[in-house]
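Subject: Structure handover

Hello,

Please find the structure below, with notes on what was found in it. The notes follow the strands, then the helices.

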Amino acid sequence: MANVLKRERQLAVLNLLVEGSSIRAAERITGIHRDTICRLAVRFGAKCREFLDDRMRNLSLRHIEVDEQWTFVGKKQSRLTTDERAERGNIGDMYLWIGVDQDTKLVPTFALGKRSADMARRFMVDLASRLVPHDNPHASDAHAFKPEGFRAVTQLSTDGFAAYPEAVDLAFGPYVKFGTIVKEYRNANMHYTPSEMVGTERRGVFGIDGGSEASICTSHIERFNATTRLFLKRFNRLTLCFSKKLDGLAAAVAMYVAYYNFCWRTRKPGTTGKRRPTAAMAAGLSDHTWRFAELFEAVNGN
């Protein structure tokens with residue numbers, strides 16, 4: 001007979017993990033062996049991915065900011081052998097492809113993989129499948145001698161990675177506003193030291209003219225990346241933390257995104273300390289702030 005942890009013990013361990021504790025810290029606090037914690041995290045993370053895949057559908061999001069965040073699995077890319085580089089895509093440098101809605105702060109989807117044109121296409125096609133298509137008649141349609149137009153499903157802002165324009169065109173066609181922003185820095189003397197931003201170059205690619213290029217922005221997704229580094233230590237630089245297996249990394253990210261969407265309340269700008277509703281509430285996916293126990297039950301289908 002399998003030795004299954006009681007519900008309360010599972011909740012205690014998983015709650016520690018989504019709040020930023022390491023696996024070994026959770027082991028010290030709860031007394032549960034780290035191998036058991038890893039198996040529980042992978043199993044729960046896989047269910048979180050299925051839960052998010054089911055819930056993140058038919059979304060109406062005005063402006064989605066997209067970025068890729070670096071980490072590595074097993075060992076860094078420079079340590080891979082020639083055979084490993086050619087045959088294994090699940091180790092080495094890995095990137096978290098993720099998008100955040102500027103208004104609701106909702107994370108509609110994410111992907112893990114190399115920083116390649118193929119991953120950019122896969123991510124954008126998946127993102128497009130989660131948004132509400134505008135199939136109903138609209139003022140932009142041809143009528144009353146007015147030529148047909150294209151109503152944008154959403155606006156996308158990304159960095160200057162060269163694979164994005166083709167990927168966005170493949171996934172959205174003309175039904176999107178898309179622009180890129182490239183930030184220029186100086187006085188970076190060595191890796192990871194703070195540098196001074198001296199300028200930005202915004203460029204409308206699809207559906208954005210010169211008068212609306214100021215709307216192109218990736219500041220919110222970059223702030224979200226900082227939250228990710230805080231609660232997922234395997235995304236930190238210059239630390240001992242890393243993922244040994246891609247499945248473990250995927251499970252950790254799925255748990256984090258599910259917790260962020262339904263339980264986490266971001267703070268409003270300013271010094272008031274007031275907090276916003278959760279991203280799921282702002283996007284109309286929930287009518288209240290979920291506690292982790294409620295997320296646990298929903299993910300497990302109870």
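Which residue of β4 is the bridge partner of His 63? The partner is Gln 155. Before the rest, some conventions. This is a predicted model, in which local features need pLDDT of at least 70 and side-chain atom pairs count only at pLDDT 80 or more, while totals for chains, interfaces and linings use all residues. Residues are numbered from 1 along each chain as its sequence is written, and side-chain values use heavy atoms, with hydrogens and water left out. Helices (H or I, at least four residues) and strands (E, at least two) are DSSP runs, numbered from the N terminus.

The sheet

The sheet is open and mixed in its pairing, with 6 strands in the order β3-β2-β1-β4-β5-β6. Two strands pair if DSSP finds at least two bridges between them. At the edges are β3 (110-113) and β6 (196-206), each of which pairs on one side only. From one strand to the next the twist averages 20°.

Strand β1 (residues 63-73) runs antiparallel to strand β2 (residues 92-101), and 10 bridges join them. Gln 69 stands opposite Leu 96, Thr 71 stands opposite Met 94, and Phe 72 has Asp 93 as its bridge partner. With strand β4 (residues 155-158), β1 pairs in the parallel sense over 3 bridges; the pair His 63 and Gln 155 belongs here. On from β2, the pairing with β3 is antiparallel and has 4 bridges. There, Trp 97 has Ala 111 in β3 as its bridge partner.

Burial in the sheet can be stated by strand. Buried means under 20% relative accessible area, exposed over 50%, and partly exposed in between (1.4 Å probe, protein chains only). In β1, 11 of the 11 residues are buried, so the strand is largely enclosed by the rest of the structure. Both of its faces are covered: His 63, Glu 65, Asp 67, Gln 69, Thr 71 and Val 73 are buried on one side, and Ile 64, Val 66, Glu 68, Trp 70 and Phe 72 are buried on the other. β2 is likewise largely enclosed by the rest of the structure, because 10 of its 10 residues are buried.

Helix α7 (residues 219-231) lies across β1, β2 and β5 (177-186), and runs at about 35° to β1. For this and the helix pairs below, axes are lines fitted to C-alpha atoms, for helices over the stretch in contact, and angles run from 0 to 180 degrees between N-to-C directions. Contact means heavy atoms within 4.5 Å.

Helix pairs

Angles under 35 degrees count as roughly parallel, over 145 as roughly antiparallel, 65 to 115 as roughly perpendicular and the rest as oblique. A crossing is left-handed if the near helix is turned anticlockwise from the far one by less than a right angle, and right-handed if clockwise.

Helix α3 (residues 34-55) and helix α8 (residues 246-262) have axes that come within 7 Å and cross at roughly 50°. The two are therefore oblique to each other, and the crossing of α3 and α8 is left-handed. On the α3 side the contact includes Ala 41, Phe 44, Cys 48 and Leu 52, and on the α8 side it includes Ala 251, Met 255 and Phe 262. By class, the residues of this contact divide into 12 nonpolar, 3 polar and 2 charged. Ala, Val, Leu, Ile, Met, Phe, Trp, Tyr, Cys and Pro count as nonpolar, Asp, Glu, Lys and Arg as charged, and the others, Gly among them, as polar.

Helix α1 (residues 7-18) and helix α10 (residues 292-299) have axes that come within 10 Å and cross at roughly 110°. α1 and α10 are therefore roughly perpendicular to each other, and their crossing is right-handed. Arg 7, Gln 10, Leu 11, Leu 14, Asn 15 and Val 18 of α1 make the contact with Phe 292, Ala 293, Phe 296 and Glu 297 of α10. This contact has 6 nonpolar, 2 polar and 2 charged residues.

Two single residues

Leu 40 lies in helix α3 and counts as buried, at 4% relative accessibility. Leaving aside neighbours within four places in sequence, Leu 40 is in contact with Leu 5, Gln 10, Val 13 and Leu 14.

Glu 27 is in helix α2 (residues 23-30) and, at 18% relative accessibility, counts as buried. With neighbours within four places in sequence left aside, Glu 27 is in contact with Ile 32, His 33, Arg 34 and Ile 37.

Regards
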